[in-house]
Amino acid sequence: MLETMRQSTNPDICKAMLEAVHKKAEQFQINNGRLPVYMEVCGSHTMALARTGIKQALKDSVQFVSGPGCPVCVTAQESIDSMIGLAKDERTIICTFGDMMRVPGSTKTLVEEKASGKDIRVLYSPIEAISIAESNLDKEVIFLGIGFETTIPILAFLVQMAVEKQMTNFSIWMATKLVEPILRYLLEAAEVQLDGFILPGHVSIVLGESSYQYLPQEYGMSGVITGFEPAELLSGINKLLDLSLKKEAAIINDHPSIVTKQGNAVAQELMHRYFYNSNEAWRGIGNIPSSGMDLKPEYERFNAKTKYQVHTVTVKKTKCRCGEVIRGMISPEKCPLFAKACHPLHPIGPCMVSTEGSCSAYYHYMRESY
Ligand code: SF4
């Protein structure tokens, strides 16, 4: 394990891989008259490519575009507004992840609402919501559940605990997202010319390599599953370029010690035991059929959306271009607000708030490169 770690950050290995990428990308450019375009689906890869300097080192060889895999960035404004609406009732305790606190809703953020005295709590683990509910039986505890297939099994585990404990004062506001529907949406919308995906590492642990076969089979699109260390990222990019040069489409699992063919069967079963595929609203995109998960009717008593009546204001339009950033249509510095009106101390959109957001990655690591 230690040896693998050493290799994945070894400067000589990384340098050789970087040179190989440059050469292959040059050949691609000669063949196609343009740079190869790869989308990093998840925010952790966006951050890792920027933090390691790989995006900057390859800016004249490979065009990387951000994808829709940052859970905070794709959570619809209506979900924040609904939490703010629910927090106004003094019988409620709203629980969520830290990044969600500063994401702007239509009029306020959750952190502003908390500052005005509302009981809104940041959790390090969703499991804490159960113990908060158990020790506040006179309150209604509502957990804002965001995230992809990595988080959904944990939310399912929360429901399992709530069922076993016969809880009556705990519910979840499901705002979860699924990877396959959004990748299909992007490919069918064809707003960006793509040559391959750097597939999400953590989600792939749950879903498994075989879950992506629709990409080459139905869309002629390649994908590589890779890790987050420099040599792992460069190895994945090299493999995508090999496929692009051969004009072949395939899924390559470059992280086989972590990601199996079929994924985590226990996590998959847990998800489908409590949730069904539901229509879901994505920030900057809109509603995509069957692109999220919600509670099955038999667990409706834990569904905050049906348990409470929430009246939200109309979604406020801003000049934030996160919707285009997460579809790979523009890079953050093309947003006129980037690093001017919008920066980490005053984020206007979620892509600048989230630790996995593309605008945040560009602001912290890439401002000097453009
Ligand atoms: Fe939105 Fe700010 Fe990014 Fe512009 S720079 S797209 S306003 S988060």
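Is Lys261 buried or exposed? I looked it up: Lys261 is exposed, at a relative accessible area of 52%. My cut-offs are under 20% relative accessible area for buried, over 50% for exposed and partly exposed in between, with a 1.4 Å probe and protein chains only.

Housekeeping: this is a predicted model, where local features need pLDDT of at least 70 and side-chain atom pairs count only at pLDDT 80 or more, while totals for chains, interfaces and linings use all residues. Residues are numbered from 1 along each chain as its sequence is written, and side-chain values use heavy atoms, leaving out hydrogens and water.

Next, the pairs. I call it a salt bridge when a side-chain nitrogen of Lys or Arg lies within 4 Å of a carboxyl oxygen of Asp or Glu. That rule gives me 21 salt bridges.

I checked Lys261's partner: Glu209, with the closest N and O atoms 3.4 Å apart. This pair links distant parts of the chain, 52 residues apart. Glu209 is buried, at 13% relative accessible area.

I then went to Arg184 and Glu180, whose closest N and O atoms are 2.9 Å apart in a salt bridge. Glu180 is partly exposed at 31%.

Arg321 and Glu324 also pair up, at 2.8 Å from N to O. I noted Arg321 as partly exposed at 27%, and Glu324 as partly exposed at 22%.

Last entry: Lys88, Lys108, Glu113 and Lys118 form a network of salt bridges.

Conventions:
Helix = DSSP H or I, 4+ residues; strand = E, 2+ residues; numbered from the N terminus.
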